[in-house]
Amino acid sequence: MVARYQMIDSADYKLQALDAISILFHRTSGTTHIVADPMPQIIEVMGSDCLSAAEIEQRLQKLYAMELPQDTEETETFEQIITARLEEFVALGLVQKTN
Amino acid sequence: MNEQPQNDANQSSDPKNAGIVTRRRALMMGAVTASAVISIKPALAQSAGSALNCSITVPTRSETRSRSVIDPVSQQVVSEEYSVSLPGGTYSGEQVRKGYVPTDHMNYIRGLKRGQSGFTCFASIVGRH
């Protein structure tokens with residue numbers, strides 16, 4: 001079974017885009033998260049849907065030209081990077097994961 | 001399997017816009033190990049109860065006053081100085097907030113400055129910092 005990810009309820013947080021970063025205020029915990037690319041974009045394409053990392057990658061591809069930094073290991077895929085970012089959010093309680 | 005970065009040119013499929021190229025915004029993905037979030041947890045919030053549980057102590061002070069008396073030897077009216085003790089007291093923040101404090105002590109409390117004992121407690125009651 002492939003892992004699927006879903007953002008917490010939109011009423012439970014406020015996402016404010018600034019110039020280079022976004023601020024996410026998690027009402028339930030009172031925690032403020034400073035969020036950098038590509039997380040705001042991942043949140044944007046996820047909406048309230050339950051998606052796998054591969055599905056999120058497809059949605060991102062439609063809107064963005066994804067790039068890897070110059071010094072990245074050759075073996076990292078976009079799907080792996082998206083998974084790592086989502087797992088971070090799962091640990092913070094901002095994304096729910098179903099296997 | 002390595003994914004090649006896509007070039008940013010997309011041809012629109014609408015025949016009216018044939019030939020018009022829409023460019024997707026570049027999105028830096030970062031490395032797998034590059035975190036994209038910093039969390040700021042709220043400071044331990046001061047609950048409504050804790051401010052009112054602090055206490056303010058008004059110290060006992062002595063004051064020198066003068067009064068007129070008749071000198072027993074010379075039978076003249078003279079003034080003499082005497083010392084009066086003004087007792088202090090300790091009040092909880094709750095008592096101060098509700099006004100259960102005699103006027104003299106309340107005046108002392110209102111005059112507290114930062115650095116004096118009781119200032120922080122009083123400031124948290126009235127919301128001044």
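This note comments on selected features of a predicted model.

1. The disulfide. A disulfide is a covalent bond between the sulfur atoms of two cysteines. Over all chains the count comes to one disulfide. Its partners are Cys54(B) and Cys121(B), whose sulfur atoms lie 1.9 Å apart. The two cysteines are 67 residues apart and link distant parts of the chain: Cys54(B) belongs to the loop between α1 (48-53) and β5 of chain B, and Cys121(B) to helix α4 (residues 119-126) of chain B. The torsion about the S-S bond is about 75 degrees, so this disulfide is right-handed.

2. Accessibility of two cysteines. Cys121(B) has 7% relative accessibility and therefore counts as buried, the limit being under 20%. Cys50(A), at 34% relative accessibility, counts as partly exposed.

3. Paired strands in chain B. Strand β5 (residues 55-58) of chain B runs antiparallel to β8(B), and four bridges join them. Within this pair, Thr57(B) stands opposite Thr90(B) of β8(B). Strand β8 (residues 89-92) of chain B has Gly89(B) and Tyr91(B) on a covered face, while Thr90(B) and Ser92(B) are on an uncovered one.

4. Two helices in chain A. Two packed helices are described by the angle between their axes and the distance between the axes. For helix α2 (residues 53-63) of chain A and helix α3 (residues 78-92) of chain A, the axes come within 9 Å and cross at roughly 110 degrees. The helices α2(A) and α3(A) are therefore roughly perpendicular to each other, and the crossing is right-handed.

Definitions and conventions
Residues are numbered from 1 along each chain as its sequence is written. Chains are lettered from A and ligands numbered from 1 in the order in which they are written. This is a predicted model: local features need pLDDT of at least 70, side-chain atom pairs count only at pLDDT 80 or more; totals for chains, interfaces and linings use all residues. Side-chain values use heavy atoms; hydrogens and water are left out. Buried means under 20% relative accessible area, exposed over 50%, partly exposed in between (1.4 Å probe, protein chains only). Two strands pair if DSSP finds at least two bridges between them. A disulfide is a pair of cysteine sulfur atoms within 2.5 Å. Axes are lines fitted to C-alpha atoms, for helices over the stretch in contact, and angles run from 0 to 180 degrees between N-to-C directions. Angles under 35 degrees count as roughly parallel, over 145 as roughly antiparallel, 65 to 115 as roughly perpendicular and the rest as oblique. A crossing is left-handed if the near helix is turned anticlockwise from the far one by less than a right angle, and right-handed if clockwise.
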